[in-house]
Amino acid sequence: MSKQGIGTISVQGGYRPGNGEPRQVPIVQSTTFKYDLADDMGALFDLEATGYFYTRLQNPTNDSVAAKICELEGGSAAMLTSSGQAANFFAIFNIAGAGDHVVCSTSIYGGTYNLFAVTLKRMGIDFTFVDPDASEEELAAAFQDNTKAMFGETIANPALKVLDIEKFAKVAHAHGVPLIVDNTFATPINCRPFEWGGDIVTHSTTKYMDGHGAAVGGAIVDSGNFDWDAYASKFPGLTTPDESYHGVTYTKAFGKEGAYITKATAQLMRDLGCIQSPQNAFYLNLGLESLHVRMPRHCENGQKVAEFLSNHPKVRSVTYCGLPGDPCYELGQKYLPNGSCGVVSFELVGGKEAAKTFMERLRIAAIETHVADARSCVLNPASTTHRQMNEEELRAAGISGGLVRLSCGLEDTQDLLDDIAQALEAC
Ligand SMILES: *Cc1c(COP(=O)(O)O)cnc(C)c1O
């Protein structure tokens with residue numbers, strides 16, 4: 001069969017039932033799987049046969065949905081995790097441990113920053129945070145002998161900066177490490193980082209992929225392009241025998257296409273158990289079936305709202321890479337030619353008080369700790385997610401008191417604009 005379009009994959013990818021089988025992905029609501037022979041199960045435990053034995057490691061529903069995300073990204077292997085946090089944790093921890101180092105963009109999700117700078121640091125992994133706008137030479141200067149990966153977000157949440165994926169990939173590869181890209185906000189509908197040199201992609205599927213605020217989840221996809229064996233001494237976990245699996249060497253047994261995800265499943269899921277529930281995977285798949293229809297609409301609403309706000313006297317500035325003049329406009333045109341996402345950040349002239357008034361006056365968008373949902377939602381980082389910070393710390397993080405993050409849903413554009421206009425009147 002010739003390569004299918006992204007819409008067909010969104011609807012039908014991953015799960016292709018045989019004669020008389022369920023049309024919709026079955027929810028395999030079972031913790032365990034039965035075998036006739038003890039040796040059949042033994043072969044599974046030795047990774048000599050493929051199959052299921054315990055849902056803490058793998059489940060058929062999850063694998064069908066992961067296979068769809070894998071096809072959407074153009075990858076070689078994928079897995080689901082219980083959350084986006086778990087996906088980014090596994091993506092790093094699968095190839096880095098105590099004594100290792102990672103180079104990471106400063107422009108990332110706050111939860112990921114905390115995970116890396118605080119929790120993974122406690123586990124002995126050091127991070128150097130780099131300005132994503134830095135030159136190749138400046139980025140290269142952040143690398144050390146023990147660096148094991150480079151990390152960035154296609155569209156950073158909430159700064160909305162677009163990552164120069166090619167530049168990051170070039171520097172990462174020059175240092176013999178993979179580039180990991182969190183592609184949550186763009187989704188594979190708008191950007192496929194593997195086409196620009198990214199090696200591993202992560203997702204918070206909680207956002208646009210589910211898209212209906214129904215299920216927390218994450219995913220990791222491997223491009224299959226990174227040659228672990230070429231840098232074998234950097235990645236002993238993949239290139240030397242794993243004693244906890246009777247001496248299997250992941251790159252030998254599963255090739256560069258399968259080694260990374262097999263290790264993350266066999267070791268990290270076994271030991272840490274951050275599996276997505278099959279029920280949530282089913283909800284995620286319902287979201288994926290319309291992802292290619294929803295994303296253009298989110299982007300259309302985002303673009304129209306950004307344009308409206310940028311012409312409003314009570315708005316000081318708007319951040320949205322679809323606006324000519326935005327610092328990321330050119331990168332957006334290159335990496336996100338069909339649109340970026342529905343999230344728009346803007347600063348009100350009236351500061352924090354005006355931001356509160358604006359949000360409380362909105363009738364369609366609700367105040368929520370969420371983004372990328374079918375329903376529009378809004379947040380003032382200074383009074384919520386970043387409320388522990390003082391004025392100085394907020395400034396250093398690039399967050400002003402009046403900054404509002406508005407996630408445009410799938411409602412009628414005119415209704416959103418009317419609602420924003422009436423709320424701004426009160427500010
Ligand atoms: C929300 C988010 C995460 C964390 O995902 P959860 O599913 O909430 O754990 C990671 N990265 C980005 C870019 C996000 O927006």
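The entries below follow the order in which I looked things up.

**Ground rules.** I note that this is a predicted model, in which local features need pLDDT of at least 70 and side-chain atom pairs count only at pLDDT 80 or more, while totals for chains, interfaces and linings use all residues. Residues are numbered from 1 along each chain as its sequence is written, and side-chain values use heavy atoms, with hydrogens and water left out.

**Ligand.** I began with the shell of 15 residues around the ligand, in which Asn157, Asp182, Ser204, Thr206 and Lys207 come nearest; a residue counts as near if one of its heavy atoms lies within 4 Å. By class I find two nonpolar, ten polar and three charged residues in this shell, where Ala, Val, Leu, Ile, Met, Phe, Trp, Tyr, Cys and Pro count as nonpolar, Asp, Glu, Lys and Arg as charged, and the others, Gly among them, as polar. Helix α4 (residues 84-93) gives the largest share, three residues; helices (H or I, at least four residues) and strands (E, at least two) are DSSP runs numbered from the N terminus.

I then listed polar contacts, that is, pairs of N or O atoms within 3.5 Å; within protein, one must be able to donate a hydrogen and the other to accept it, and residues adjacent in sequence count only if both atoms are side-chain atoms. A side-chain N or O atom of Thr206 is 2.6 Å from a ligand oxygen, a backbone N or O atom of Gly84 lies 2.9 Å from a ligand oxygen, and a polar backbone atom of Gln85 is 2.9 Å from a ligand oxygen. The protein covers 92% of the 380 Å² of accessible area that the ligand has on its own, by the Shrake-Rupley method with a 1.4 Å probe, where for residues only the protein chains shown count as cover.

The peptide bond from Asn157 to Pro158 is cis, with omega near 5°, and Pro158 sits in the loop between β4 (147-153) and α7 (165-174).

**Cavity.** I searched a 1 Å grid over the protein atoms alone, where a cavity is a set of points that a 1.4 Å probe fits but cannot leave, a pocket is an open set with protein on both sides within 12 Å along at least five of seven lines, and lining residues have an atom within 4 Å of a point. Points are joined across faces, edges and corners, and a volume is the space filled by probe spheres set on them. The count is one cavity of 30 Å³ or more, and the volume of the largest cavity is about 40 Å³. Its lining divides into six nonpolar, one polar and one charged residue, and helix α16 (residues 413-425) gives the largest share, three residues.

**Second largest pocket.** I find a volume of about 530 Å³ and 27 lining residues, with Thr50, Gly51, Gln58, Thr262 and Thr265 nearest the centre. The largest share of this lining, seven residues, comes from α10.

**Sheet.** I read an open sheet of five strands in the order β8-β9-β12-β11-β10, with mixed pairing; two strands pair if DSSP finds at least two bridges between them. Because β8 (315-319) and β10 (366-367) stand at the edges with a single partner strand each, one side of each is left without a neighbour in the sheet. Strand β10 pairs with β11 (residues 377-379) in the parallel sense over two bridges, and Ala366 stands opposite Cys377 in β11.
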